[in-house]
Structure formats: C-alpha cells, structure tokens
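Please look over the chain below before reading on.

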Amino acid sequence: MAPPNSSQYLNMFNLAVFKDVVRIAPHNFKKARSVCIADELNHKYANKVVHNVGLCIALFDVLRVGDEFIFPGDGGAHVQVEFRFIVFRPFISEVLTGTIKSSSQKGIHVSMGFFDDIIIPPEHFKRDTRFDAKEQVWVWQVQDADEAYLDLHQEIRFRVAAETFVDITPHTVSPNGPAIAEDESTRQSPFTITVGVRPLRSPQGSIDDDGLGLTAWWKS
C-alpha cells in the first residue's frame, strides 16, 4: 500500500456553517467592522470542540452580516453573522499520520500536534503485538527473532475507525445557581478518535493493515 500523500490533509478538514451574534466592544469601534467580527469569532471558536461538528481551527470566511443593534445598558454593538469555520473531523476509514504520545495496557495515545485525543486500542494492533510492561511500550513480533518496538515520539500511520463526541456541559448545579465544574480526574475529552469499536464520538484508529503502523516500517 502506498503511503498517503499530502492530499489527506484536505480530507480531514471540513467547512462548517454557523450563525451567531457577535458583540463589538466600544473600544473596538475605531477598527474595521470586518476585522472586529473576525477577531471575535476566532476568539470564541478557535481550538474549541463543537458537539457533533468537530474541532474548530480557524475562521474561513463570513457569508452574511446583519444590522447592528445596541441594547440599553450595553454600549457594545451586537450583530448577527453567518460564517464558515475550518473544522477538523476526519471521515471514517481515513488514513492519518501522527506521533505516539504515550502507551499503556489500554493501547496507544497518538497526537497530531494540534489534536491529541486519538486512541488505538490493542484489538486493532497487528497480530502478535504485546505490551512490554518494563519498557511501557508495545512490541510487534515480526518474525521468530525480530521485534519492532512502537516507541514514544515515533511517527505512526493509522486508519480512523470511529469517533466519539461527549457532552461535557457541567450538570452539577450549586444551590445558588451557577454550575460547578467537574473534578479533573473525571473530566472527559469532548472529541476523541479511536480505532475499532464505535463509542460516543472520539476518533479511534487501526494499524492492523499493510502500510499502517510506524512509518519507518514501510520506508525501505
């Protein structure tokens, strides 16, 4: 199988259309309205996960800008806008490349730099792959005497098998009203990619096909 080329990066990103109301603060009135709107949208959406949409990367363009309104007691201008945002959400079966961030008996945690929540569970490794508890790495038994270690920070190629979105909106409410944040130990990622069994909405990956696994395996 030939390694994927740079065109893969066009597939894992999509354009999502949103509508929102942007507030332009009085001290920004001297700026061009288009600049103010772009700054506010990037500040609000960039590097945030939108449920069932994906990870927002950057504003692509603004499709429509409505009239401005100023409400009593608020000196800012409020304007409704329709816009498109670049979103990271690879399709199922897409082949991607990342770096091994950590390993445990539960599988391999992969990072793509801007996105870290990629999980490869053991059931989607190549056959005859075992976990070395002493070294804390997974090892593929290639032949009788040959072993290939999936070391940390190695480049790895995988196929997306499932994605999981989790609603992390706080549900615990204090008696006086405001929501109470969850404990760090129980907090979940809002978007994860995994290989194999399809859960809620996180990406999973598979490395059990030819051409997948460490890219170094397939360079010769």
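Buried means under 20% relative accessible area, exposed over 50%, and partly exposed in between (1.4 Å probe, protein chains only). Buried residues make up 39% of the 220 residues in the chain.

**Basis and confidence**

This is a predicted model, in which local features need pLDDT of at least 70 and side-chain atom pairs count only at pLDDT 80 or more, while totals for chains, interfaces and linings use all residues. Residues are numbered from 1 along each chain as its sequence is written, and side-chain values use heavy atoms, with hydrogens and water left out.

The predictor's confidence in each residue is pLDDT, from 0 to 100. Its mean over the chain is 79, and 74% of the residues reach 70 or more. Over residues 1-9 the pLDDT is below 50; beyond near neighbours in sequence, this stretch has 11 contacts (heavy atoms within 4.5 Å) in the model. Residues 196-203 also stay under 50. For them the model has 47 contacts beyond four places in sequence.

**Overall make-up**

The chain has 2 helices and 14 strands. These are DSSP runs numbered from the N terminus: helices are H or I with at least four residues, strands are E with at least two. Of the contacts with a separation of 6 or more, 65% join residues 24 or more positions apart. The chain exposes about 12700 Å², and carbon and sulfur atoms supply 52% of it. Accessible areas come from the Shrake-Rupley method with a 1.4 Å probe; for residues, only the protein chains shown count as cover.

Two strands pair if DSSP finds at least two bridges between them. An open sheet of 4 strands has the order 1-4-3-2, with antiparallel pairing. Strand 1 (13-24) and strand 2 (49-50) stand at the edges; each has a single partner strand, so one side of each lacks a neighbour in the sheet. Strand 1 pairs with strand 4 (residues 77-88) over 12 bridges in the antiparallel sense. Here K19 has E82 of strand 4 as its bridge partner.

Helix 2 (residues 33-45) lies across strands 1, 2, 3 (54-69) and 4. It runs at about 140° to strand 3. Axes are lines fitted to C-alpha atoms, for helices over the stretch in contact; angles run from 0 to 180 degrees between N-to-C directions.

**Salt bridges**

A search of the whole structure finds 8 salt bridges. The term means a side-chain nitrogen of Lys or Arg within 4 Å of a carboxyl oxygen of Asp or Glu.

| Pair | N to O distance |
|---|---|
| R23 and D74 | 2.8 Å |
| D61 and R84 | 2.6 Å |

What does the D20 and K44 pair tie together? D20 lies in strand 1 and K44 in helix 2, so the pair joins parts 24 residues apart in sequence. D20 is buried at 14% relative accessible area, whereas K44 is partly exposed at 45%. R23 is partly exposed at 36%. D61 (23%) is partly exposed, and R84 (24%) counts as partly exposed.

**Two hairpins**

Strand 6 (residues 107-111) is mostly covered: 4 of its 5 residues are buried. Strand 5 (residues 95-104) pairs with strand 6 over 5 antiparallel bridges. The two form a hairpin with 2 residues between them. S104 has G107 of strand 6 as its bridge partner.

Strand 6 also pairs with strand 7 (residues 118-120), over 3 antiparallel bridges. This hairpin has 6 residues between its strands, and G113 in the turn has a positive phi of about 90°. The bridge partner of I108 in strand 7 is I120.
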